[in-house]
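This report goes through a protein model step by step.

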Amino acid sequence: MKYQEDYVGTKAELSEFIKKVIPELFAGKLSVEGQTVRIPADRELEYKIKYDSAGSLNIKMSWENEEEEE
C-alpha cells in the first residue's frame, strides 16, 4: 500500500520539517498516515536525488520487499 501526506509552507517551515523528519526516520519513529516507516537494515537500498530547474526536487529511497519476493 502507498501512504502519503502533503504539506505546504515556506522555505523556513520546510527546513524545520526536514530537521524533524529525518531523525525520526532513522530512529524508526516516522509514521505516514499512521503507518510506521521501516527502512530495512538487511538489504541494499536504492536512493536517488532528482532536480528539475522548472521547480521540483525529489529524494527517493527504495528496496526490495521480502513479502513480494516470496
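## Surface and basis of the model

Accessible areas come from the Shrake-Rupley method with a 1.4 Å probe, and for residues only the protein chains shown count as cover. By this method the chain exposes about 6700 Å², and carbon and sulfur atoms supply 52% of that area.

The model is predicted: local features need pLDDT of at least 70, side-chain atom pairs count only at pLDDT 80 or more, and totals for chains, interfaces and linings use all residues. Residues are numbered from 1 along each chain as its sequence is written, and side-chain values use heavy atoms, with hydrogens and water left out.

## Overall build

Helices (H or I, at least four residues) and strands (E, at least two) are DSSP runs, numbered from the N terminus. The chain contains 2 helices and 4 strands. Their order along the sequence is α-β-β-β-β-α. The radius of gyration of the chain is 14 Å, well over the 11 Å that the globule rule gives for 70 residues, so the chain is more spread out than a compact globule. Here the radius of gyration is taken over C-alpha atoms, and the globule rule is 2.2 Å times the number of residues to the power 0.38. Along the principal axes, the C-alpha trace spans about 45 × 25 × 20 Å.

A residue is called buried under 20% relative accessible area, exposed over 50%, and partly exposed in between (1.4 Å probe, protein chains only). Of the 70 residues in the chain, 7% count as buried. Contact means heavy atoms within 4.5 Å. Among contacts between residues at least 6 apart in sequence, 24% join residues at least 24 apart.

## Charges

Lys and Arg count as positive and Asp and Glu as negative, while His and the chain ends are not counted. The place of a charge is taken as NZ of Lys, CZ of Arg, CG of Asp or CD of Glu. The chain carries 10 positive and 16 negative side chains, and the centres of these two sets lie 7 Å apart.

## The aromatic pair

A pair of aromatic rings is described by the distance of the centres and the angle of the planes. Rings of Phe, Tyr and Trp (its six-membered ring) pair if their centres lie within 6.5 Å; planes under 30 degrees apart count as stacked, over 60 as edge-to-face and the rest as tilted. The structure holds 1 aromatic pair. The ring centres of tyrosine 7 and phenylalanine 17 are 4.8 Å apart and the planes stand at 45 degrees, so the pair is tilted. Tyrosine 7 lies in the segment before helix H1 (11-26) and phenylalanine 17 in helix H1, so the pair ties together parts that are 10 residues apart in sequence.

The C-alpha atoms of tyrosine 7 and phenylalanine 17 are separated by 9.6 Å. Tyrosine 7 counts as exposed because its relative accessibility is 54%. Phenylalanine 17, at 31% relative accessibility, counts as partly exposed.

## Strands and loops

Glutamate 33 sits in the loop between strand S1 (31-32) and strand S2 (35-36). Although glutamate 33 is not a glycine, it has a positive phi of about 50 degrees. With 45% relative accessibility, glutamate 33 counts as partly exposed.

Glutamate 44 belongs to the loop between S2 and S3. Its relative accessible area is 73%, so glutamate 44 is exposed. Not counting residues up to four places away in sequence, glutamate 44 touches Ser62 and Trp63. The C-alpha atoms of glutamate 44 and threonine 10 are 34 Å apart, and these residues are 34 residues apart along the chain.

## Two residues of strand S3

Tyrosine 47 is in strand S3 (residues 46-52) and is exposed, with a relative accessible area of 65%. Leaving aside neighbours within four places in sequence, tyrosine 47 is in contact with Lys60 and Met61. Tyrosine 47 and serine 62 are 15 residues apart in sequence, and their C-alpha atoms are 6.3 Å apart in space.

Aspartate 52 is also found in strand S3. Aspartate 52 is partly exposed, with a relative accessible area of 38%. Between the C-alpha atoms of aspartate 52 and threonine 36, 16 residues apart along the chain, the separation is 30 Å.
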